[in-house]
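Let's take a walk through this protein, one region at a time. Keep the viewer open as you read.

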Amino acid sequence: MLGVFSGSIVSPPEELVAAGCRTPSPKITSAALLNRFIETNASAVSIHVGDEVQLAYTHHKESPLLPRSFAVKDEIFCLFEGALDNLGSLKQQYGLAKSANEVVLVIEAYKALRDRAPYPANHVVGHLSGSFAFVVFDKSTSTLFVASDQYGKVPLYWGITADGYVAFADNAELLQGACGKSLASFPQGCFFSTTVGELRSYENPKNKITAVPATDEEIWGATFKVCPPAKESDGVQIPRIL
């Protein structure tokens with residue numbers, strides 16, 4: 001799956017901008033990235049939401065245990081990959097039909113977050129159990145919401161294209177060819193929301209997330225880490241690699 005967003009929707013993460021500046025490497029534009037995805041994936045489907053958002057997905061070579069899906073409802077667009085272990089109980093909680101799948105459930109969970117403010121964002125993602133990664137775009141509010149499961153069982157990466165778009169994908173090689181060193185693995189157990197304005201751990205939302213510059217040999221430009229709570233005795237936070 002692939003989601004590409006202009007600077008009017010999301011500001012490129014400073015850590016990835018800095019990584020690209022430290023080690024300049026070839027990049028391509030967001031349009032070229034989307035074309036590459038379509039050309040290299042059989043039966044790919046692409047969706048343009050105005051001029052600022054491009055979404056795409058394919059069932060080509062997907063895992064039968066971690067399928068990809070797409071849905072749109074009330075101007076909320078969602079790309080989902082994976083499976084929820086507690087889908088049945090969540091469908092009851094949100095009053096959904098028995099036929100509802102994970103991508104529909106995530107849209108309803110996001111709507112609950114949006115419409116019941118100040119409902120904590122980490123609560124919405126924290127009650128999802130299973131293997132997943134998803135990208136939600138709310139056209140009505142121009143809000144982006146992205147999350148990955150706490151064990152990183154579904155790979156998710158993000159980077160910055162040549163024209164400054166922020167791209168999310170489940171294929172590291174695809175983004176590496178488009179974003180160069182302005183690329184990182186999306187940290188497991190975390191979510192990114194343009195409403196919040198930053199990365200946060202949904203298990204420990206008050207803990208700071210830092211980005212450690214990668215070495216020249218690594219394909220990433222940076223590695224994001226969640227710091228454990230500071231000890232009162234020393235006030236120092238020690239990053240935990242995700």
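## The cavity

The largest cavity holds about 60 Å³ of space, and the structure has one cavity of 30 Å³ or more. Here a cavity is a set of points, on a 1 Å grid over the protein atoms alone, where a 1.4 Å probe fits but cannot get out; lining residues have an atom within 4 Å of a point. Grid points are joined across faces, edges and corners, and the volume is the space filled by probe spheres set on the points.

Who lines the largest cavity? Val-106, Ala-109, Tyr-110, Leu-113, Val-124, Val-125, Leu-128, Phe-134, Val-136 and Phe-145 do. Helix α4 gives the largest share, four residues, while α4, α5 (121–126) and β6 (130–138) each supply at least two. Helices (H or I, at least four residues) and strands (E, at least two) are DSSP runs, numbered from the N terminus.

## About the model

This is a predicted model, where local features need pLDDT of at least 70 and side-chain atom pairs count only at pLDDT 80 or more, while totals for chains, interfaces and linings use all residues. Residues are numbered from 1 along each chain as its sequence is written, and side-chain values use heavy atoms, with hydrogens and water left out.

## Strand β11 and Phe-191

Now find strand β11, residues 190–193. Cys-190 and Phe-192 point one way, Phe-191 and Ser-193 point the other way, and all are buried; buried means under 20% relative accessible area, exposed over 50%, and partly exposed in between (1.4 Å probe, protein chains only). β11 runs antiparallel to strand β7 (residues 143–148), joined by three bridges, and pairs with strand β12 (residues 198–201) in the antiparallel sense over four bridges. Two strands count as paired if DSSP finds at least two bridges between them. In the hairpin of β11 and β12, four residues sit between the strands, and Gly-197 has a positive phi near 90°.

Phe-191 is the bridge partner of Ala-147 and stands opposite Arg-200 in β12. Is Phe-191 buried or exposed? It's buried, with a relative accessible area of 1%. Leaving aside neighbours within four places in sequence, its contacts (heavy atoms within 4.5 Å) include Ala-121, Val-125, Phe-145 and Tyr-202.

## Helix α6

Next up is helix α6 (residues 172–179), whose buried residues are Ala-172, Leu-174, Leu-175, Ala-178 and Cys-179. Seen down the axis of α6, these residues fall within an arc of 155°, so they line one face of the helix; the arc is that of the directions from the helix axis to the C-beta atoms. An α-helix has 3.6 residues a turn, so residues three or four places apart point the same way. The buried residues of α6 pack against β1 (2–5), α2 (30–40), β8 (157–160), β9 (166–169) and β10 (183–185).

What about the ends of α6? At the N-terminal end, Asn-171 is the cap, with a side-chain oxygen 2.9 Å from the backbone nitrogen of Glu-173. After the helix comes Gly-180, with a positive phi near 60°.

Strands β4 (residues 68–73) and β5 (residues 76–84) pair in the antiparallel sense over six bridges, and Phe-70 has Leu-79 as its bridge partner in β5. Their hairpin has two residues between the strands, and Asp-74 takes a positive phi near 50°.

Lys-111, in helix α4 (residues 102–115), touches Asp-74 along with Lys-73 and Ile-76, not counting residues up to four places away in sequence. Lys-111 is buried, with a relative accessible area of 15%.

Definitions and conventions
A polar contact is a pair of N or O atoms within 3.5 Å; within protein, one must be able to donate a hydrogen and the other to accept it, and residues adjacent in sequence count only if both atoms are side-chain atoms. On a 1 Å grid over the protein atoms alone, a cavity is a set of points where a 1.4 Å probe fits but cannot get out, and a pocket is an open set with protein on both sides within 12 Å along at least five of seven lines; lining residues have an atom within 4 Å of a point.
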